[in-house]
Each structure stands twice: as structure tokens, then as C-alpha cells.
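Take a look at the model below.

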There are 2 protein chains.
Amino acid sequence: MLKRSEWRTIRDWAWDFIQKAGFQVKEKEFKSISVADLGLNEFELTGLTILTLFETEWIGAKILIMKPNQFFPQHKHPPLDNGNFPGKTEVIRGYWGNFYLFVPGIKTLAPQVNPPPHRRKHIDVWHEIKVSPGDQYIISPNTWHWFQAGSQGAIVWSISSRVTDIEDQFRDPDVIRKTVIVDE
Amino acid sequence: MLKRSEWRTIRDWAWDFIQKAGFQVKEKEFKSISVADLGLNEFELTGLTILTLFETEWIGAKILIMKPNQFFPQHKHPPLDNGNFPGKTEVIRGYWGNFYLFVPGIKTLAPQVNPPPHRRKHIDVWHEIKVSPGDQYIISPNTWHWFQAGSQGAIVWSISSRVTDIEDQFRDPDVIRKTVIVDE
């Protein structure tokens, strides 16, 4: 859970960060920022801030905003509607800083990032893809992946088919996808 | 049709334009530029240059690059697959310059742009939406629309569900969607 004051601080930081990075937003988009702390109470280590640009029945676009070295745990977007929808396809395109995406494939022996040690046991895909500004990677539906920002933090586009965040499957049983904000 | 030399000149102009506007591209994306002259042989007046960032079975993203005052005729993205696919949903997000989108709705009495006079008879939606950098508009499937760049040209994102350009329906019977490039 997040205290409301923490949530406000994170939201203000993210809004400032994307604008300093030159990303064009309209004032009304401020309210479209959400914070995922995953119920882990270690947001600086593990979590994600999201600016949702739009979501329709068919497509969505978000900006993922990450603190320096922030980690987001291994998960996948499963098939839905009795298999008529294969799961969310997600395209990551780098905008600012370095973003390290890990997917199934040959294990990267010396990855550029280090996930929090107590979260490593819930990781089993170790093929590293470095996403710098202008780089792009297509994550197929129902494919395990996790990611971590470089030491300066990172901002990336996430453009996808129908957004189904609440259906995401995480390998770490401690993760709760829905953020709970508590008044102090 | 376009002469190969004209096509090359347009492609080089577009590549230069997006980079000067600060859009981050990788060298390998140069080959993803396409030119739509719509078979009209008046590209400076009517046409579009497209940088396709990606296309999957479910989603696509393109950058639309337009010459000053360039016009793109009225069209829609029809339902496909016996109605199981409602037609392409397209989200326009402004990146550089002013882009004027026209959709069904209350007629704008003093639009900011003027389509080429000989093409006006094939326009019957006149509700103007100004898309400046950071502005965004969702075009529903199967909805008539046309657009025109402002006097400085324009660069916008077009993020969509499955790309079905070749199925586009144009109101102007002179339009041929597939570009033919001829060697001189």
C-alpha cells in the first residue's frame, strides 16, 4: 500500500521528470498518472509509475516512468476470452534513459542491471534487451518478461493491444497488481 | 505514380524533417518510410509520407509526416472479417506543427485549412479538430475523416489496432491507395 502523501510525491516527481525529458503532455493528462507499488512497500526498489495516454477496447498507450534502478517483476499477459484474445501484445519504445528488458532466450551472463536480491528467486528469464531512446522491442502475448531502469531512471512508451493489467500474471506471489492508497 | 527520383527526394526530406523535429529514430528505420501519392500526381498538394514504427497482427504505430498544407483525402477504415473486426481504431497524437483533422459533427464554419479546390467535392465531413503537439484524438472505426497540415507541415503519431491500409475506403474515386513507383 501507499500513503496518500507518498503517492502524491511520486506522481509529482513523474510529471516533472517526463516534462524535463521533453515529452509533450497536456495539463489535463496529469490526472492520468498512476502508481504501481505492487503491494510490496518498497517503491524505490520495486514499482512503476504510468502515464496512460489512452485506452480503447482495442489498443492502449502508456508512458512507463521509472526511478533510477527501479525494478518491475516478472509477469506475462495471458490469453483471455477463452483464447479468442491471445493476450496483450506490448511494444516497448525507448524515450529517455536506458531500460533493460528481460525475456525468454539465451541467458545474458553479465546483465547491466541487478534486481533486488530478495526478488531474484521469482525470475527465470534472463535474456537482456537494452532499450535506449529510439530502440523498440515487441513482447509477444503470454510471454514472461521483467524490466529494470538504468542508473538514471528511464522513460519508455508501452503501446499495446487491449490493456488487461488486472489480468497480469506475476511469478512473485507477494505481488498485488492493484495499488491500494491509504489516507494517513 | 511517382518517379523513383521523386520518391527518393520525398523520403530523404521526411527523414531529415523528423530528425530536425527531435523525433528519435534509429538508422535502420530509414527503410520503413513509405510515400502515399494516392495515384493523383500532385504529391505536394495531396499525399502523405509515413514512417512505420511497427505493425503486428493486433497493433501498429506510424509517424505521419506532412508537407506544409498537404492534404490527405476523406476515407474510413471499414469493418472486416464478417464484422468480427469493427475496423481500424486510430489514435492521432500531435508531435510537431499543427495538424487539422476533420470528422463527422457540427460543421466548422471557418476552418483553419483549405483543401485543394478540385478535391472538395469529395469531402462531406467538416468538423475540425486541431491537433497540436501533445493533443490527441481517437478516431472510431468506420468513421469518415480527412486531414491537412498547417503552413509549417506537421508530424503526428498514428497508433492503431491492426493496420488495414489497403482496405481503406476513399470517397474520391480518383484515389488509388497503393503507390506505384516507376523507374525513369
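What follows covers the contact between the chains, then the pocket.

This is a predicted model, in which local features need pLDDT of at least 70, side-chain atom pairs count only at pLDDT 80 or more, and totals for chains, interfaces and linings use all residues. Residues are numbered from 1 along each chain as its sequence is written, chains are lettered from A in the order in which they are written, and side-chain values use heavy atoms, with hydrogens and water left out.

Start with the interface. Here 28 residues of chain A are in contact with 28 residues of chain B (heavy atoms within 4.5 Å). The two chains bury about 2,400 Å² between them, 66% of it on carbon and sulfur atoms; buried area is the accessible area (1.4 Å probe) lost on being put together, summed over both. In chain A, A:Q24, A:W58 and A:R93 lose the most area to chain B. Together they account for 28% of what that side buries.

The interface of chain A and chain B holds 4 salt bridges (a side-chain nitrogen of Lys or Arg within 4 Å of a carboxyl oxygen of Asp or Glu). One salt bridge joins A:K26 to B:D135, with the closest N and O atoms 3.4 Å apart. By class, the side of chain A that touches chain B has 15 nonpolar, 9 polar and 4 charged residues, with Gly counted as polar.

Turn to the largest pocket. Its lining has 13 residues, and A:W58, A:N84, B:W58, B:N84 and B:F85 lie nearest its centre. By class, that lining has 4 nonpolar, 3 polar and 6 charged residues. A pocket here is an open set of points on a 1 Å grid over the protein atoms alone, where a 1.4 Å probe fits, with protein on both sides within 12 Å along at least five of seven lines; lining residues have an atom within 4 Å of a point.
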